[in-house]
Amino acid sequence: MSKQLTPKSSEKQSTESSKNLPPGLQLENVDDRIMTLNVGPQHPGSGHMRLIIKVDGDYIVNCDPDPGYVHRGEEKMAEYRNYITNIPHLERPVIHDSCNILYPYCLGIEELVGIEVPERAKYLRVIAAELNRCVYTQYWLAIYGIFLGHSTMFMWPAGDRELLIDLLEKMSGARVTHAYFVPGGIRNDVPANFEDVCLRQVNYFEKRIKEYAGIFYDNPILIARTKDTGVLSREDAIRLGTTGSVLRASGVDFDIRKKEPYDVYDELDVHSNVMKAGDSYARSKIPWLDMLESCNIIRQALEKMPKSGGVRTKLKPNPKGGDDEVYRRVESGRGSLGMHIVSDKKPQPYRLKISVGSFRNLIAMPYLLKGEKLGNMPAVYWSLNYWPVEADR
Amino acid sequence: MLKDLVTPQNANVFLGNLGDILIKAVDKPLGMALNWGRLWSLWPVHIETACCSVEFGAASGPRYDVERFGIIEAFGSLRQCDLVVVQGTITRKMAPRLRLVYDQMPEPKYVIAMGACAITGGLYFDSYNVLPGIDGVLPVDVYVPGCPPRPETLIQACMLLQEKIKRQKIR
Amino acid sequence: MSTSDNKETAQESTQVEAKPEDKPEDKPKDKPKENLPVFEKSLTDKIQKKFGDKTEIAYVKSNRTRVNVKKEDVVKAAQFIREMGFDHAESVSGVDYPESKEIEVVYHLGSYGDPTLAKQILVLATRATREDDPKPGNDSTKLPSLRDVFYSVEFHERECFEMLGVFFEGHPDNRRLLLPEDWADIPPLRKDFGNKGR
């Protein structure tokens, strides 16, 4: 799609004009067809990251992502804090999906230390994780709407997610950054009538999100902007190592809740949504279908949950693992989130590596944006389900 | 009689005194009018620095509607904005860009430091890439504590900023 | 742990090639003589048969197996593992061991294409010697890059390069990714680097 690059005559011109430059300055672009743009950290169409884009007219020739504007050094900080005191800062990379980023951490420590989680805690963890997935996806859809200029699509999800944030506030006490999961279960039990309230709100929420099809997914403008743009074929999706909704939109059926079930996902009926097109439209639709699936999972979990029981297995103070390492992964809103914990008999982890879905999908961004028109950039870029704060950790 | 009063020698003084009287008559109501215009249309720049941006986005949502105060996030250009909300942790990579954004905004401009990380570095106080607060980079008007602050707290901060603007003098 | 025991029961009673998707078979559980899970042991046996002494099997756990290789053989080992069916890297992490003066780079490899390997993560680890006094521009820690075998490690290796100072030979673009452009200190994830006040 990119046009032929130019002619040699401009090179001759530039060496002559470089003689007139003040000393110390250098001409950067020898080729004066190609312009370098900064889609920077302050841009209506980018999040907290920068894309250095070279355009030739209207077509993108090269794209160089420049993340790191929110790199806070989580992995280094984790080496100085105990396993339990690591929880508040480890959940901040994605504050509205905080349960899913703590999930592999808690599962890993439970494996290292060797304790078992009570049944009721497992069901409540599944419910909290699914609610968090919905809350994250709603915010992502809201920003997607704004990037495309559809401000109603900002207001509707931003309002509907407050229903679920109320539920999470009842469970954990905070709107976001719940710090609800601990190794050994969850921090505290839910209030008495939680099951009824949760069921009612989830049913109403499901009715509301079904209406998004009318304003967004069947909207001819969205279809024109996103169909057949940024097409990622099945082989490329596997070769680039993408994950989550990006992978499933290209036809690969891989959902960790089904392939490697953790907690009680093997007792629940989970259906993973797959679409074959691989374009931005499919990538924007899969998280919405996942939200509808989450409502089903929450309803099943509420039914099967044991009505009473403990919710936390107490650990000894300053839990330590052996000379061991562990890698657990979980399906979060962006894809597979894995934690590699290396322990060496001290109360602090020796090395904690967080492998997030956003960072793994980053490699698809320069690959897909080459050859696209500049106007399609927000549609393709945000459809990759990229949350910059998480990718930078 | 006026011609006797105003001689070429004291014409300047006369004009100067007349000017002072006019300004004193008009200053207070003009100031109140300009301030009224400014405080009911504070437009924040669309720059998200870190995780508090989620609560800022929620504050613009239908439940905690911040648009009723005139705070509409101007997605067009930062040359028409007058408020920078520093949402969350500022890293060393982001700080020069934030200063650049602040310098490009026209006067009068205000800064709200949102979240514990923007005030003192917060939870990430000992990280290698985090600035201990935004005070060294931008002049802050209102500090909003919280990690992240609830949207209601952000709205209270905007109202405090409005009080501050009301008391500003024009000249 | 009871959850991993359930997975072991499902895997012990099936063959390597013809393993059905997610349904555990209803055979009675045979207590194995040794406690290693059978399917994972078959994977490591294949690697050991091909490479013999050059590799060392660190552990064989349920769904996780680890192979340690030297840096000269890591590309060949990665190619063999790719032929076994693993097609992408889940994460690449570097671990610093200052006492033995080595930096270890750990690749977690998974499989999207092969349904029998969907749960498995094969951990491939190599070590590189590190110098005593890390000075930027003076580092001698080099490892061959696996980008030609697994394309998905590209950005992960860049991050490992800037965080630990490991130069990946063969990687087209060893450049900063997350750190600020004017970072002039030693790579932050080394143990010599201390956070503020610690």
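**Close-up views of a predicted model**

**View 1. Chain C at a glance.** Chain C holds 4 helices and 7 strands; helices (H or I, at least four residues) and strands (E, at least two) are DSSP runs numbered from the N terminus. Along the sequence, their order is α-α-β-β-α-β-β-β-β-α-β. This is a predicted model, in which local features need pLDDT of at least 70, side-chain atom pairs count only at pLDDT 80 or more, and totals for chains, interfaces and linings use all residues. Residues are numbered from 1 along each chain as its sequence is written, while chains are lettered from A and ligands numbered from 1 in the order in which they are written.

**View 2. Where chain B meets chain A.** Here 31 residues of chain B are in contact with 28 residues of chain A (C-beta atoms, placed from the backbone, within 7 Å). On chain B's side, α3 (53–59) and α4 (95–104) each give two or more residues, and α3(B) gives the most, with 4 residues.

**View 3. Two cis peptide bonds in chain B.** The bond from E107(B) to P108(B) is cis, with omega near -10°, and P108(B) sits in the loop between α4 and β2 (110–114). Another cis bond runs from C147(B) to P148(B), with omega near -10°; look for P148(B) between β3 (142–144) and α6 (151–166).

**View 4. A positive phi in chain A.** Although not a glycine, D228(A) has a positive phi of about 60°. You will find D228(A) in the loop between α9 (220–226) and α10 (234–239). D228(A) counts as exposed because it has 12 C-beta neighbours inside 10 Å, and exposed means 12 or fewer other C-beta atoms within 10 Å of a residue's own, with C-beta atoms placed from the backbone.

Note on methods: Contact = placed C-beta atoms within 7 Å. Buried ≥ 20, exposed ≤ 12 C-beta atoms within 10 Å, placed from the backbone.
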